[in-house]
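Here's a walk through one protein model, going from the whole fold down to a handful of residues. Have a look at the sequence and the coordinates before reading on.

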Amino acid sequence: MSENSTLGLGPTGVFLGTFTPRLDDKGRLILPAKFRGRLASGLVATRGLDRCVFLFPLDEFTHIHERLRRAPLENKAARDYLRAFLGHASDDIPDKQGRILLSQPLRRYAGIDREVAVVGMGSRVEIWDAQKWEDYLEAGEDAYAETAAEIFDDM
């Protein structure tokens, strides 16, 4: 068995796939079993882009934080971003059932109530309100092929 398989990520070693669990009454999310191994030692949840929540494994968040620390303090846009990104961040360790608590400010930011989409995005996981995720996918469907051509033409 490969190291990645023991982490629950499969042979690719990255977060992949979309799962649709529900939040419980306390705002807890049961992480997909496939993602739990990589997140078991801890994670950071924070404001994502496009009104979703980002979940980072601790080591990935450490790399991102190192990059953010280099942002010049005199740059107002950088300060504003750091305030939103780090000011809303919370660290957590999943419980024995693989549950984490999504804070009320993060749920409010992403418009999350009960139905969620948990989306593997390689080095991170995104948590969306399920309907907003479906709307996002539908709205971007026409541009999908064009974007793919742009991305892969540069490789």
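## Ground rules

Helices and strands here are DSSP runs, numbered from the N terminus: H or I over at least four residues makes a helix, and E over at least two makes a strand. With that in hand, R51 sits in the loop between strand 3 and strand 4.

The model is a predicted one, so local features need pLDDT of at least 70 and side-chain atom pairs count only at pLDDT 80 or more, while totals for chains, interfaces and linings use all residues. Residues are numbered from 1 along each chain as its sequence is written, and side-chain values use heavy atoms, with hydrogens and water left out.

## The overall fold

The protein has six helices and eight strands. In sequence order, they run α-β-β-α-β-β-α-α-β-β-α-β-β-α.

How does the radius of gyration fit a globule? The radius of gyration is taken over C-alpha atoms, and the globule rule is 2.2 Å times the number of residues to the power 0.38. For 155 residues a compact globule would come out near 15 Å, and the protein's 16 Å agrees with that. The C-alpha trace spans about 45 × 35 × 35 Å along its principal axes.

## Surface, contacts and charge

Accessible areas come from the Shrake-Rupley method with a 1.4 Å probe, and for residues only the protein chains shown count as cover. On that basis the protein exposes about 9,600 Å², with carbon and sulfur atoms supplying 53% of it. Per residue, buried means under 20% relative accessible area, exposed means over 50%, and partly exposed is in between (1.4 Å probe, protein chains only). Of the 155 residues, 32% count as buried.

Contact means heavy atoms within 4.5 Å. Among contacts with a separation of 6 or more, 59% come from residues 24 or more positions apart. As for charge, Lys and Arg count as positive and Asp and Glu as negative, leaving out His and the chain ends. Each charge is placed at NZ of Lys, CZ of Arg, CG of Asp or CD of Glu. The 21 positive and 25 negative charges have mean positions 10 Å apart.

In soluble globular proteins, nonpolar side chains tend to be buried together. A nonpolar core is a set of buried Ala, Val, Leu, Ile, Met, Phe, Trp, Tyr and Cys residues joined through side-chain atoms within 4.5 Å. The largest one here has 20 residues, and L29, V53, L55, I112 and I127 have the most contacts inside it. Two or more residues each come from helix 2 (33-39), strand 3 (43-47), strand 4 (53-57), helix 5 (104-110), strand 7 (116-120) and strand 8 (125-129). Helix 5 gives the largest share, three residues.

Leaving aside neighbours within four places in sequence, I112 is in contact with L23, V53, L102, R107, I127, W128 and D129. A second, separate core has 13 residues, including V44, F61, I64 and L68.

T46 belongs to strand 3. Is T46 buried or exposed? With 0% relative accessibility, T46 counts as buried. Beyond its neighbours within four places, T46 is in contact with C52, V53, F54, F56, A84, F85, H88, A89 and L106.

D50 is in the loop between strand 3 and strand 4. Its phi is near 65°, a positive value in a residue other than glycine. R51 isn't a glycine either, yet has a positive phi of about 65°. D50 counts as exposed at 51% relative accessibility, while R51 is partly exposed at 46%.

R107 is part of helix 5, and at 15% relative accessibility R107 counts as buried. Not counting residues up to four places away, R107 touches L23, K26, G27, L101, L102 and I112.

G111 lies in the loop between helix 5 and strand 7 and is partly exposed at 30% relative accessibility. K132 lies in helix 6 (residues 130-153), where K132 is partly exposed with a relative accessible area of 37%. Which residues does K132 contact, leaving aside neighbours within four places in sequence? They are A110 and G111. From K132 to F152 it's 20 residues in sequence and 27 Å in space, C-alpha to C-alpha.
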